[in-house]
Amino acid sequence: DSRIGIKYLKGGVAYGGPCFPRDNVAFNQLARILDVKTDIAKATDSINHHQTQRVLNIIQSLSRSGKRVSILGLSYKPNTPVIEESQGIALALKLISAGFDVSVYDPVSMPPAEAILGNKVTYADSLESALNNKDIVVLMTAWDEFRGINEDMFNSKETQVIDCWRLLETSSFENMNLIHLGKGYSPQASQKNAKAISKAG
């Protein structure tokens, strides 16, 4: 299967969608019936579920004062409206439970997302409105529309941006705190970076 490898797989947030999460659970259930060990499959499922909590932990480490968080991307992958096992939805629900003021934006998945999130979040009507007046913006789905985001699109340079798919160019965020998940991020390093940017600005 040519999808197994760098053509299809890239480290970011947890995998989702209607296929692999379901199939992995079914595989484990079949193995249990047959009394066969599936340690790798179980570990994969456990680690995958932890990824959303990991993003939440990072957000909490950055939310020094404000708690206005915007989630970019609600479909489980780009170029589809499917939100089954969506990590954007999962993160929104965790943020709501943690007391954050959450807004969401997706090019095509807003209607199905609204059926799940209801009136617990604010639905941005454009990418521009999703970026402005926020403390933290989290890029959760690798939509092409998001690739061109740069610091000039924000009305506050204090907004912190977490790019879970490493779509954004560091050179486009010289005066803002941009975190590329998967590039050696640590909350301590990010705090130092934010302080340095604050002093420089």
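Leaving aside neighbours within four places in sequence, which residues is Ala41 in contact with? Taking contact to mean heavy atoms within 4.5 Å, the answer is Asn24, Phe27 and Asn28. Ala41 itself sits in helix α2, which covers residues 39–62. With a relative accessible area of 9%, Ala41 is buried; here buried stands for under 20% relative accessible area, exposed for over 50%, and partly exposed for values in between, using a 1.4 Å probe and protein chains only. Between the C-alpha atoms of Ala41 and Phe27, which are 14 residues apart along the chain, the separation is 8.0 Å.

The model is predicted, so local features need pLDDT of at least 70 and side-chain atom pairs count only at pLDDT 80 or more, while totals for chains, interfaces and linings use all residues. Residues are numbered from 1 along each chain as its sequence is written, and side-chain values use heavy atoms, with hydrogens and water left out.

Turning to the whole chain, the secondary structure consists of 6 helices and 6 strands. Helices (H or I, at least four residues) and strands (E, at least two) are DSSP runs, numbered from the N terminus. Their order along the sequence is α-α-β-α-β-α-β-α-β-β-β-α. The chain has 201 residues, and 44% of them count as buried. Among contacts in the chain with a separation of 6 or more, 61% are between residues 24 or more positions apart. The accessible surface, computed by the Shrake-Rupley method with a 1.4 Å probe, comes to about 10900 Å², and carbon and sulfur atoms hold 53% of that surface.

Two of the helices can be followed as a pair. Helix α3 (residues 87–97) packs against helix α4 (residues 110–117) at an angle of about 35°, and their axes are 11 Å apart. The axes are lines fitted to C-alpha atoms over the stretch in contact, and the angles run from 0 to 180 degrees between N-to-C directions. The crossing of α3 and α4 is right-handed, a term for the near helix being turned clockwise from the far one by less than a right angle. On the α3 side the contact is made by Ile89, Ala92 and Leu93, which meet Ala113, Ile116 and Leu117 of α4. These residues divide into 6 nonpolar, no polar and no charged; Ala, Leu and Ile are among the residues that count as nonpolar.

The side chains also form 4 salt bridges, each a side-chain nitrogen of Lys or Arg within 4 Å of a carboxyl oxygen of Asp or Glu. One of them joins Arg68 and Asp135 at 3.1 Å, N to O. This pair links distant parts of the chain, with Arg68 in strand β1 (residues 68–72) and Asp135 in the loop between α5 (127–131) and β4 (136–139), 67 residues apart. Arg68 is partly exposed at 36% relative accessibility. Another salt bridge brings together Arg147 and Asp144, whose closest N and O atoms are 2.8 Å apart; Arg147 is partly exposed at 44%, and Asp144 is exposed at 52%.

Backbone angles complete the picture. Most residues other than glycine have a negative phi. Asn133, however, has a positive phi near 60° and lies in the loop between α5 and β4. Arg166 also has a positive phi, of about 55°, and is found in the loop between β5 (160–163) and β6 (177–180).
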